[in-house]
Amino acid sequence: MTAQHYSALLTTAATALVLGSNVLAADNPALARQGKILGTSAVSSISGAGGGGLIPWATIGSYADVGQRGGSVFRTRVDVDDYQLDVMGGLLGFGNRVEVSYARQDFQIKAASLRVQQDKVGIKVRVLGDIIFEQAPQISVGMERGSLRDKGLARAVGAKHTAGTDYTVSAAKVWLNGIGNRTTLLNINMRYGEANQFGILGYGGDDPDGKWTGEIAASVFLTRGLVAGVEYRQKPDNLSALREDNARDIFLAWFPNKYTSLTAAWVDLGEIAGARNQRGWYLSAQLGF
Amino acid sequence: MSVNLTKHRLILMPVLALALLTACSNTPSPPATLYDELGGQAVITELADNFIMEIAYDERVLPRFADSSVDRFREKIIEHFCWIADGPCIYTGDSMVQVHAGMQINSAEFNAVVEDLIAAMDKTGIALGTQNKLLDRLARLRPEIMGI
């Protein structure tokens with residue numbers, strides 16, 4: 001990540017820190033933290049950005065509401081037939097308005113004992129709406145910058161770059177009384193970028209331009225703290241040599257309290273670097289403060 | 001001996017209709033209103049009492065009720081729940097705007113009261129689907145409660 005990116009990120013975070021400074025604590029310390037409703041922190045995606053497992057959502061991470069600050073850390077493992085992905089990272093949430101996130105991805109090719117590590121840094125801003133309490137959806141815009149530590153594989157498969165930025169626009173809505181009279185969520189993303197397999201296989205390929213891709217998540221709160229859902233993520237498929245399929249998952253996320261969440265999912269990542277039908281499981285644990 | 005349906009349709013049609021009507025009257029009809037679904041006045045009264053208890057033990061919101069009369073609040077909230085659930089009540093309290101004007105209720109406080117209501121509904125034994133129907137109606141009042 002360039003110095004320019006770092007300073008922009010730090011400036012935004014510092015501004016958010018000041019703006020989100022705790023005006024409520026002076027009045028009532030009990031209102032200082034975790035003002036959002038259970039489950040609305042969502043979880044941490046594999047890029048570190050808050051939302052689902054495979055895709056970020058329009059939600060802002062942590063339970064910090066207006067005038068509050070919060071954050072979370074997470075650990076995820078994805079295990080499919082020929083690959084494994086370990087991710088760890090965290091995010092900070094400011095006033096349910098700004099989210100900054102980080103993830104370290106560790107991708108392993110089982111057969112070759114080959115590792116590819118990548119850093120992901122993200123920032124997301126809620127620009128409009130409230131996901132629960134307004135008729136219109138909540139809209140957020142985000143940026144995810146990925147930078148490969150291990151560049152060999154990306155170069156070998158013909159990627160143009162070993163670092164890249166994705167831009168996302170997300171819209172999400174929660175219906176308190178939704179499907180089957182259960183609280184229901186729908187999230188749609190539009191993403192502009194050129195990451196190959198989430199950036200693991202580098203950025204860009206034969207096509208010089210970035211691509212628009214779509215992502216969708218739908219979930220139902222079976223109980224106040226148990227959410228079942230699905231996600232679908234379109235992929236840019238830039239490398240002519242290696243087909244890239246769209247990814248999807250079916251998940252179950254448990255929020256026993258505002259400090260913890262556990263997510264389990266079945267994932268289908270399709271073809272990765274020539275190996276087809278990469279399916280398996282996803283497990284993630286998140287601790288919040 | 002085969003039955004000639006065309007010949008016997010004059011008898012068959014009323015017999016079928018009667019059978020269907022009888023079947024319908026034996027199955028319970030769905031509740032007419034959310035008020036009925038909740039369980040009527042008794043449940044709404046219990047809900048109000050549980051709600052007041054949750055608020056009383058919630059440090060996040062109790063200070064806001066310092067100047068409220070518990071008896072008046074109880075009476076009016078019962079009327080309000082009943083009315084909003086399409087029950088046979090008239091709400092005689094102040095409007096949500098009148099009640100909350102000048103308080104500058106923020107998002108965290110509003111959510112805290114939602115959580116207290118959910119806890120009260122759980123305690124009262126209201127089914128999750130019914131809870132969500134009531135929450136959905138009450139949530140629409142948020143602009144009349146917050147930030148004014």
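**Labels and what backs them**

Analyst: Chain B's elements, from the N terminus on, run α-α-α-α-α-α-α-α. One caveat: this is a predicted model, where local features need pLDDT of at least 70 and side-chain atom pairs count only at pLDDT 80 or more, while totals for chains, interfaces and linings use all residues. Residues are numbered from 1 along each chain as its sequence is written, and chains are lettered from A and ligands numbered from 1 in the order in which they are written.

User: What makes a stretch of chain B count as a helix, and how many helices and strands are there?

Analyst: Helices are DSSP runs of H or I with at least four residues, strands are runs of E with at least two, and both are numbered from the N terminus. For chain B that comes to 8 helices and 0 strands.

User: Why are H3(B) and H6(B) called oblique?

Analyst: Helix H3 (residues 40-56) of chain B packs against H6(B) at about 135°, with the axes 8 Å apart. Those axes are lines fitted to C-alpha atoms, for helices over the stretch in contact, and the angles run from 0 to 180 degrees between N-to-C directions. Under 35 degrees is roughly parallel, over 145 roughly antiparallel, 65 to 115 roughly perpendicular, and the rest oblique. The pair is therefore oblique.

User: Which residues meet there?

Analyst: Contact means C-beta atoms, placed from the backbone, within 7 Å. Among the residues that meet are B:Val43, B:Leu47 and B:Phe51 in H3(B), and B:Leu117, B:Ala120 and B:Met121 in H6(B). By class, this contact has 8 nonpolar, 2 polar and 4 charged residues. The classes go like this: Ala, Val, Leu, Ile, Met, Phe, Trp, Tyr, Cys and Pro are nonpolar, Asp, Glu, Lys and Arg are charged, and the others, Gly among them, are polar.

User: And what about H3(B) and H4(B): what angle do they cross at?

Analyst: Roughly 135°, with the axes coming within 9 Å. That makes H3(B) oblique to H4(B). The contact of H3(B) with H4(B) has 11 nonpolar, 2 polar and 1 charged residues. B:Ile44, B:Ala48 and B:Ile52 in H3(B) are among those that meet H4(B), whose side includes B:Phe73, B:Ile77 and B:Phe81.

User: Why is B:Ala119 called partly exposed?

Analyst: Count C-beta atoms, placed from the backbone: 20 or more others within 10 Å means buried, 12 or fewer means exposed, and in between is partly exposed. B:Ala119 has 17 others within 10 Å, so partly exposed it is. The residue is found in helix H6 of chain B, and its C-alpha is 10.0 Å from that of B:Met53, 66 residues away along the chain.

User: How do you know whether A:Gly152 is buried or exposed?

Analyst: A:Gly152 has 11 C-beta neighbours inside 10 Å, so it counts as exposed. It lies in helix H3 of chain A.

User: What makes a set of residues a nonpolar core, and how many residues has the largest?

Analyst: A core is a set of buried Ala, Val, Leu, Ile, Met, Phe, Trp, Tyr and Cys residues joined through C-beta atoms within 7 Å. The largest has 44 residues, and A:Ile46, A:Trp57, A:Leu85, A:Leu201 and A:Val267 have the most contacts inside it. A second, separate core of 23 residues includes B:Leu47, B:Ile55, B:Ile78 and B:Leu117.

User: Last one: how many residues of chain B are in contact with chain A?

Analyst: 19 residues of chain B, against 19 of chain A. Helices H6 (107-124) and H7 (128-139) of chain B each give two or more residues to that side, which has 7 nonpolar, 5 polar and 7 charged residues by class.

Note on methods
Contact = placed C-beta atoms within 7 Å.
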